[in-house]
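Dear colleague,

Please find below the structure for your records.

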Amino acid sequence: MRVSRKPARRARIRTRHKGGGRERGPRIRTAALALGVLLASGFAAEASGAAAGPAPCQAGTGPYQRELEQHLGLAVDGRQSTTDCAAIRDFQARVGVRPADGYAGLATYRMMLVARARVNPNAQGRCPVRPYKIACVDLTRQLMWVQDGRRVVFAPVPVRSGRDGYETRTGWHRVYWRNKNHYSDLYDAPMPYAQFFNGGQAFHGTYGDLFNGGSHGCVNLRLDDARRLWNVLRQGSAVYAWGTKPGTERSLRPGIVLPDPRPDARREGRRPPPSPGAR
């Protein structure tokens, strides 16, 4: 048995030697070949990506083309060019409009109004200046902010106010009841971070599209904005609303009664009555 094993061992050793140097086994050669293929494909993909660059901007002319051209310092002609498209797309990416495709639509226009208002939202002096916090609601521009004296303590954000027939009431109000997890029984809809300021109308967050339609009188905010506003206002905070939401008539339809979620309702052993809000 020993004699038969030694030649076999010597034979295996001879097959792994070539020209006096040790030859790599089949597994090592296969691994090296695979690594080479991967590296080559990676370099090719990187070169291809660098050559291709970002996808070309091909959005058409939007309904707010002129407004965006003016805001971005472009040639104002109301016609979408490759330069216009790229500039609008960059603006959309900065302000969080999705998709950022270069189309000058309603959402992009609304965020343009917010961007314009950032420097001085009360430049026209429409919101009264007082030595305390005021939540300023500009229904015409569909945005709101909070100022303390002349200092802005909550920067302008987009809102959605009451639609035609359910307009948000103008004038002075005060936050009289707050509920972080309020739910509207009337409209079967959540109203997170609700802060009621007038007869069932409230600031609150929405999970839907903020830039289309209107609420049933509430001032809707994006969820993150409503959460931040919750930490800025408190019960008793002043609210002042003015202007007209585009497309509304400024008068409630006859017979509409807006429920009021007053804390007194809890003494009757039930949840506060529902408040109008966007679905």
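Cys 85 is buried, at 1% relative accessible area, where buried means under 20% relative accessible area, exposed over 50% and partly exposed in between (1.4 Å probe, protein chains only). Its partner in a disulfide is Cys 57, with an S to S distance of 1.9 Å; a disulfide is here a pair of cysteine sulfur atoms within 2.5 Å. Cys 57 also counts as buried, at 14% relative accessibility.

This is a predicted model, in which local features need pLDDT of at least 70 and side-chain atom pairs count only at pLDDT 80 or more, while totals for chains, interfaces and linings use all residues. Residues are numbered from 1 along each chain as its sequence is written, and side-chain values use heavy atoms, with hydrogens and water left out.

The torsion about the S-S bond of Cys 57 and Cys 85 is about -70 degrees, so this disulfide is left-handed. Cys 57 lies in the loop between helix H2 (26–52) and helix H3 (65–71), and Cys 85 in helix H4 (residues 82–95), so the pair ties together parts that are 28 residues apart in sequence. Helices (H or I, at least four residues) are DSSP runs, numbered from the N terminus.

The structure holds two disulfides. The other joins Cys 127 to Cys 136, with the sulfur atoms 2.0 Å apart, and is left-handed, with -75 degrees about the S-S bond. Cys 127 is buried at 1% relative accessibility, and Cys 136 is buried at 0%. Counting bonded cysteines along the chain, the pattern is 1-2, 3-4.

Cys 218 is likewise buried, at 0% relative accessibility.

With kind regards

Terms used. Helix = DSSP H or I, 4+ residues; strand = E, 2+ residues; numbered from the N terminus.
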